[in-house]
Amino acid sequence: MIADQLILDKKSTKTNYKEDRKSEKPIRSIAKAISWRIIGTLDTLLVSYLFTGKVVLAASIASIDFVTKMVLYFFHERIWNRIGWGK
């Protein structure tokens with residue numbers, strides 16, 4: 001109960017898309033997800049290559065990582081955008 005009050009400030013909790021888009025548009029979350037994933041994918045590519053020594057395998061791992069983590073990051077951003085804590 002206390003955690004709910006701290007994390008989900010009832011006055012600033014957004015209830016629909018129209019209200020939510022005032023603070024940050026979904027396209028901004030998409031742009032942030034893509035830019036962050038490029039950085040993360042380069043890191044994954046480098047680490048995968050260092051472990052495997054094979055460029056093709058490292059690129060395969062990095063490609064899968066890029067898609068899955070970009071989708072997860074987008075939803076992570078949208079959820080955090082609904083939390084009133086710290087705003």
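Let's start with D65 and K69. They sit four residues apart in helix α4, so about one helical turn separates them. A helix here is a DSSP run of H or I with at least four residues, and a strand is a run of E with at least two, numbered from the N terminus. The side chains of D65 and K69 meet in a salt bridge, 3.0 Å from N to O. Salt bridge means a side-chain nitrogen of Lys or Arg within 4 Å of a carboxyl oxygen of Asp or Glu.

A word on the source. This is a predicted model, where local features need pLDDT of at least 70, side-chain atom pairs count only at pLDDT 80 or more, and totals for chains, interfaces and linings use all residues. Residues are numbered from 1 along each chain as its sequence is written, and side-chain values use heavy atoms, with hydrogens and water left out.

Back to our pair. D65 has 9% relative accessibility, so D65 counts as buried. K69 has a relative accessible area of 41%, so K69 is partly exposed. Salt bridges with shared partners join R37, D65 and K69 into one network.

Now the R37 link. R37 forms a salt bridge with D65, and their closest N and O atoms are 2.6 Å apart. R37 lies in helix α3 and D65 in helix α4, so this pair ties together parts that are 28 residues apart in sequence. Both R37 and D65 are buried.

How many salt bridges does the structure hold? It holds three. The one still to cover joins E77 and K32, with the closest N and O atoms 3.0 Å apart. This pair links distant parts of the chain: E77 is in helix α4, K32 is in helix α3, and they are 45 residues apart. E77 counts as buried, because its relative accessibility is 13%. K32 has a relative accessible area of 26%, so K32 is partly exposed.

D65 has another partner. Which side chain makes a polar contact with the side chain of D65? It is T44, at 3.0 Å. A polar contact is a pair of N or O atoms within 3.5 Å; within protein, one must be able to donate a hydrogen and the other to accept it, and residues adjacent in sequence count only if both atoms are side-chain atoms. T44 is found in helix α3. Its relative accessible area is 16%, so T44 is buried. Leaving out residues up to four places away in sequence, T44 touches R37, I61, A62 and D65. Contact means heavy atoms within 4.5 Å.

Helix α4 covers residues 55-82, which is 28 residues. From first C-alpha to last, α4 reaches 40 Å, close to the 40 Å expected at 1.5 Å a residue. The expected span is 1.5 Å times one less than the number of residues. The buried residues of α4 are A58, A62, D65, Y73, E77, R78 and N81.

Helix α3 has 27 residues and reaches 37 Å, close to the 39 Å expected. Its buried residues include P26, S29, A33 and G40. After α3 comes G53, whose phi is positive, near 75 degrees.

Now look at the surface. I27, I30, I34, I38, L42 and L45 form a nonpolar patch with about 520 Å² of accessible area together. Patches take residues with over 30% relative accessible area and no salt bridge; like charges are joined within 9 Å, nonpolar side chains (Val, Leu, Ile, Met, Phe, Trp, Tyr) within 5 Å. Areas come from the Shrake-Rupley method with a 1.4 Å probe; for residues, only the protein chains shown count as cover. I27 has 57% relative accessibility, so I27 counts as exposed. L45 is partly exposed, with a relative accessible area of 33%. Leaving aside neighbours within four places in sequence, L45 is in contact with A58, A59 and A62.

Last, the whole chain. It has four helices and zero strands. Of its 87 residues, 23% count as buried. Take contacts between residues at least 6 apart in sequence: 71% join residues at least 24 apart. The chain exposes about 6,700 Å², and carbon and sulfur atoms supply 71% of that.

Methods: Buried means under 20% relative accessible area, exposed over 50%, partly exposed in between (1.4 Å probe, protein chains only).
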